[in-house]
Amino acid sequence: ERKTGREFDSLLQEKVLNPLRLKHTGYQPANLPGYSERAHGHVGDQPKFMARGTPLADWEFNDFLRPTAGISSTAHDLLSFAQGHI
């Protein structure tokens with residue numbers, strides 16, 4: 001962002017998502033196609049003090065951490081991403 005003066009979201013869209021046609025990948029999972037059919041997380045051994053099997057909310061990252069771990073995707077898009085790099 002410092003080098004280009006553009007936000008990371010728009011750079012990701014322009015440089016990766018659009019060229020590889022990744023339609024189910026992005027930073028806001030609720031806005032992606034197929035969101036309602038996706039697998040939902042449930043509590044296992046962690047986090048502590050929550051009953052096992054309780055539905056668990058998605059992680060949310062602030063603007064500082066989002067480029068490092070905030071992208072949601074599907075298996076199909078991940079395979080397309082891998083194919084684009086082979």
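Helix 1 covers residues 8-20, where a helix is a DSSP run of H or I with at least four residues, numbered from the N terminus. Its 13 residues should span 18 Å at 1.5 Å a residue, and because the end C-alpha atoms are 17 Å apart, the two values agree; the expected span is 1.5 Å times one less than the number of residues. This is a predicted model, in which local features need pLDDT of at least 70 and side-chain atom pairs count only at pLDDT 80 or more, while totals for chains, interfaces and linings use all residues. Residues are numbered from 1 along each chain as its sequence is written, and side-chain values use heavy atoms, with hydrogens and water left out.

Helix 1 also has a kink of about 35°, centred on E14, the bend at a residue being the angle between axes fitted to the seven residues ending there and the seven starting there. Within helix 1, L11, L12 and L17 are buried; buried means under 20% relative accessible area, exposed means over 50%, and partly exposed lies in between, with a 1.4 Å probe and protein chains only.

After helix 1 comes R21, whose phi is positive, near 55°. R21 is a residue other than glycine, and its place is in the loop between helix 1 and helix 2. F49, which is not a glycine either, has a positive phi of about 70°, and F49 too lies in the loop between helix 1 and helix 2. P47 has its place in that loop as well, and the peptide bond that leads from Q46 to P47 is cis, with omega near -5°.

V43 belongs to the loop between helix 1 and helix 2, the latter being residues 66-69. Is V43 buried or exposed? V43 counts as buried because its relative accessibility is 4%, whereas R21 counts as exposed because its value is 66%, and F49 counts as exposed because its value is 88%. Leaving aside neighbours within four places in sequence, V43 is in contact with M50, A51, R52, G53, T54 and L56, contact meaning heavy atoms within 4.5 Å. The C-alpha atoms of V43 and R21, 22 residues apart along the chain, are separated by 33 Å, and those of V43 and P19, 24 residues apart in sequence, are 37 Å apart in space.

The pockets of the model are set out below. A pocket is an open set of points on a 1 Å grid over the protein atoms alone, where a 1.4 Å probe fits, with protein on both sides within 12 Å along at least five of seven lines, and lining residues have an atom within 4 Å of a point. Grid points are joined across faces, edges and corners, and a volume is the space filled by probe spheres set on the points.

| Pocket | Volume |
|---|---|
| Largest pocket | about 500 Å³ |
| Second largest pocket | about 190 Å³ |

The largest pocket is lined by 22 residues, of which P29, D58, W59, G70 and S72 are the closest to its centre. By class, this lining of the largest pocket has 11 nonpolar, seven polar and four charged residues, where Ala, Val, Leu, Ile, Met, Phe, Trp, Tyr, Cys and Pro count as nonpolar, Asp, Glu, Lys and Arg as charged, and the others, Gly among them, as polar. The second largest pocket has 14 lining residues, with Q13, T25, G26, Y27 and Q28 nearest its centre. Its lining divides into six nonpolar, five polar and three charged residues, and the largest share of the lining, four residues, comes from helix 1.

Definitions and conventions. Helices (H or I, at least four residues) and strands (E, at least two) are DSSP runs, numbered from the N terminus.
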